[in-house]
Amino acid sequence: MAYTQRPLPIAAGLAGRCPQCGKGRLFQGFLTLRPKCDVCGLDFSFADAGDGPAVFVILFAGFVVVGLALVVEFTWQPPYWVHALLWGPLILLTTLGPLRPFKGVLIALQFHHAAAEGRLDLDNRR
Ligand SMILES: [Zn+2]
């Protein structure tokens, strides 16, 4: 089945939907991909986000948590247990929360741009 109206890759990725039809689910677990789309049958074996989602999440979470920790420390100088109480849950929220949407977006963008590992085009050699 040919899909002429593909969903926007970022919208499909954020929703965890198939990048081709926008309806089928992309994930079967928290971060595990389904083998194929249950609506259009797109094989998800092309998808390889690698460490990309984790890198973006680490950069985002580090910016937020370290920035807030520095502000709190220099403003109020609370005891260490306050830091542990504040930043432990915030680290979990800022890392686990966006990890799945980031992975979905990267896979949808990979499909949209037909990104793959480098290959030699031997037919066009002289
Ligand atoms: Zn699909």
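Mentor: First a term: helices are DSSP runs of H or I with at least four residues, and strands are runs of E with at least two, numbered from the N terminus. This is a predicted model, where local features need pLDDT of at least 70, side-chain atom pairs count only at pLDDT 80 or more, and totals for chains, interfaces and linings use all residues. Residues are numbered from 1 along each chain as its sequence is written, and side-chain values use heavy atoms, with hydrogens and water left out.

Trainee: Where is Leu 31 found?

Mentor: Leu 31 sits in the loop between H1 and H2.

Trainee: What does Leu 31 touch?

Mentor: Leaving out residues up to four places away in sequence, Leu 31 touches Leu 99, Arg 100 and Lys 103; contact means heavy atoms within 4.5 Å.

Trainee: Other topic. Which are the protein donors of the zinc ion?

Mentor: Cys 18, Cys 21, Cys 37 and Cys 40, each through SG, lying 2.3 Å from the zinc ion. Donors are N, O and S atoms within 2.8 Å of the metal (3.2 Å for Na, K and Ca); water is not among the atoms, so sites may look incomplete.

Trainee: What spacing do the donors follow along the chain?

Mentor: The spacing is C-x2-C-x15-C-x2-C. Cys 21 and Cys 37 both lie in the loop between helix H1 (9–15) and helix H2 (52–76), so the pair ties together parts that are 16 residues apart in sequence.

Trainee: Are Cys 21 and Cys 37 buried or exposed?

Mentor: Both are buried, where buried means under 20% relative accessible area, exposed over 50%, and partly exposed in between (1.4 Å probe, protein chains only). Leu 31, at 27%, counts as partly exposed.
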